[in-house]
Amino acid sequence: MNSTAAIRVTDLYKTYRSVAGPVRALEGIDVDIRPGEFVSLIGKSGCGKSTLLQIIAGLVRPSRGKVLLEDVPVVKASRKVGLVFQKSVLLEWRTILDNVLLPVELFHLVRAGYVDRARELLGMMGLAGFENSYPDELSGGMQQRAAIVRSLLCDPDILLMDEPFGALDALTREQMNVELLRIWQASGKTIIFVTHDIAEAVFLSDRVILLSERPGRVKEIVKIELPRPRTIETTYLPQFADYRRHLREQLG
Amino acid sequence: MNESVAREVPAPPSEVEDEFIETLEDDEQNGRRRIALELTLTAAVIVVSLALWSFLASLTSPLVLPAPGRVGEVIVDITKNGSVFKHIETTTLEIILGFILGSAIGLGAGIALAWSPLLRRLASPYLVASQAVPKLALAPMFTLWLGYGIASKVVIAALIAFFPLLENTVVGLCAVESEKLMLFKSLLANEIQTFTKLRLPHARPYIFAGLRMAMLFATVGAIVGEYVGSDVGLGAMIIVSDGTMNTTLMFAVLIILTALGILLYKLVQWMEMLFQRGGVVARLRRTR
């Protein structure tokens, strides 16, 4: 174990209380993630991958075990962590620019200091000229890009993404994956990416963590040794197909 | 899919383009035609209603149904000699004050109840009881307590105006999607930020729907209050015209009252437009 892990999850358990009795969502999760690493969590729906992400984000308390972010125990949400959800979760009464600047307001920072950066990031994500549009005037892909800009604005070290492209069509998704890698490589952020799409996980990740069905346990960690930078061409490599097949078989 | 990247698209054959432009023009023409049709229909409905009214009036005594022309004349008369204005003023004042008082209570109580589930559970039986009482039946009691002045009317108006706003406020503040609440939690928002930046803007359309209802209810409350005991106000005029068998005057007052009701309702709608996204308030906030 190396002491400079960006995220360290040790012996994590989560049991939910429900009407039908306790539901064991996670059982004995141990994971170490290096700074700057891109890790995907995959598993069938209901395997607890979103729960794990929410525990790391400090939004849900574990029943047992702990999470360290840069050696600091997680007790609540942190500015060091940016979150992207499956839905874009934009506020429909705010313009795109005001939506993207929401973290600045909530963190009591000075808005003027972030407007230029917001515009720059929006431009990078192909949203230049949409600053004063409202969310419902944008396509689903563009809304999700705005959500990503919002998560990046205050420069978190860690980005947690919960099936962020799950609601997008296949082509948009492919393009978003390429863009995400570009941003990741330029920024050096640590990313945990939850998905149930095997190809997406292989394409993006340094490592893919496979969770078993409920209760979620780490079934296997697969290191993806495909060359970077990765492009659409990468997906045609025979090794890519091998990883996909292996993960598909393991997923059962 | 990258909306910002211009792609080179071969120019379509000119015929297709022409056809496209024609379709657009057709749409515009259709729109104009539709508006003309709507205006014609509206005018037709008014003309037909007035004709029907005239016809029915010709069959009966003016004590039962006065002719529309006579009612119009009375409206002109009481406007010209100015006798109606103090009544309009009093009733308008009662409605507005009742609306403001009722809205303040409805909004305040709604926010308090949305804030505290405990308060909601404690207060809800009493709130339901307060609505189950036929409130207009309480009007004589308020007149007894508060006298024949405008106070009793204001209280009655406020009493029936506050409830729809209260309900709408609670629903609007509590019906925020869980994803948005989680976003705010992840961004370390405190209670006040979550309220002002999430719950309140989310509740805005609900609150304005409640305010529109409150204005209509306040109008009913003020008039009923005047029925019970008052010598000034449009409701009092209706009672007097009834007592003197002046049906024509009664109709004239009813029409004025309807116009007043519509105007006040529009006032709330206009207020809502100020607060709409892209409205004046939003623009002021952005330039700040």
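1. The domain assignment divides chain B into domain 1, residues 12-60, and domain 2, residues 71-287. The C-alpha centres of domain 1 of chain B and domain 2 of chain B are 35 Å apart. Please keep in mind throughout that this is a predicted model.

2. Chain A has an open sheet of four strands, ordered β2-β1-β4-β5, with antiparallel pairing. Its edge strands are β2(A) and β5(A), the latter covering residues 72-73, and each of these pairs on one side only. Helix α1(A), residues 49-56, packs on this sheet and touches β1, β2 and β4 of chain A. The direction of α1(A) makes about 120 degrees with that of β1(A).

3. Within that sheet, β1(A) (residues 7-16) and β2(A) (residues 23-33) run antiparallel and are joined by seven bridges. Which residue of β2(A) is the bridge partner of A:Ile7? The partner is A:Ile33. Further pairs across these two strands include A:Arg8 opposite A:Asp32 and A:Val9 opposite A:Val31. The hairpin formed by β1(A) and β2(A) has six residues between the strands, and A:Gly21 in this hairpin takes a positive phi near 105 degrees.

4. β1(A) also pairs with β4(A), residues 64-69: five bridges join the two strands, which run antiparallel. Here A:Arg8 stands opposite A:Leu68. A second sheet in chain A is open and has six strands in the order β6-β7-β8-β3-β9-β10, with mixed pairing. The edge strands are β6(A), residues 81-84, and β10(A), residues 218-223, and each pairs on one side only. On average, neighbouring strands of this sheet are turned by 15 degrees against each other, direction ignored.

5. A:Ile42 stands opposite A:Leu210 in β9(A). Helix α8(A), residues 238-251, packs on the sheet and touches β3, β9 and β10 of chain A. The direction of α8(A) makes about 180 degrees with that of β10(A).

6. The next points turn to helix packing in chain B. Two packed helices are described by the angle between their axes and the distance between the axes. For α9(B) (residues 234-243) and α10(B) (residues 247-275), the angle is about 165 degrees and the axes are 8 Å apart. These two helices are therefore roughly antiparallel to each other, and α9(B) passes α10(B) in a left-handed crossing.

7. Which residues make the contact of α9(B) with α10(B)? From α9(B) they are B:Leu234, B:Met237, B:Ile238, B:Ser241 and B:Asp242. From α10(B) they are B:Leu249, B:Met250, B:Val253, B:Ile256 and B:Leu257. By class, the residues of this contact divide into eight nonpolar, one polar and one charged.

8. The axes of α3(B), residues 85-115, and α8(B) come within 8 Å and cross at roughly 135 degrees. α3(B) and α8(B) are therefore oblique to each other. In this case the crossing is right-handed.

9. On the α3(B) side, the residues that meet α8(B) are B:Thr91, B:Glu94, B:Ile95, B:Gly98, B:Phe99, B:Gly102, B:Ser103, B:Gly106 and B:Leu107. They meet B:Ile207, B:Gly210, B:Leu211, B:Ala214, B:Met215, B:Ala218, B:Thr219, B:Gly221 and B:Ala222 in α8(B). The contact of α3(B) with α8(B) has nine nonpolar, eight polar and one charged residues.

10. How many residues does the contact between the chains take from each chain? It takes 17 residues from chain B and 23 residues from chain A. On the side of chain B that touches chain A, α7(B) (178-186) and α8(B) (191-228) each supply at least two residues. α7(B) gives the most to that side, with six residues. By class, the side of chain B that touches chain A has seven nonpolar, four polar and six charged residues.

Key
Residues are numbered from 1 along each chain as its sequence is written. Chains are lettered from A and ligands numbered from 1 in the order in which they are written. This is a predicted model: local features need pLDDT of at least 70, side-chain atom pairs count only at pLDDT 80 or more; totals for chains, interfaces and linings use all residues. Two residues are in contact if their C-beta atoms, placed from the backbone, lie within 7 Å. Ala, Val, Leu, Ile, Met, Phe, Trp, Tyr, Cys and Pro count as nonpolar, Asp, Glu, Lys and Arg as charged, and the others, Gly among them, as polar. Domain bounds come from an automatic or database domain assignment. Two strands pair if DSSP finds at least two bridges between them. Axes are lines fitted to C-alpha atoms, for helices over the stretch in contact, and angles run from 0 to 180 degrees between N-to-C directions. Angles under 35 degrees count as roughly parallel, over 145 as roughly antiparallel, 65 to 115 as roughly perpendicular and the rest as oblique. A crossing is left-handed if the near helix is turned anticlockwise from the far one by less than a right angle, and right-handed if clockwise.
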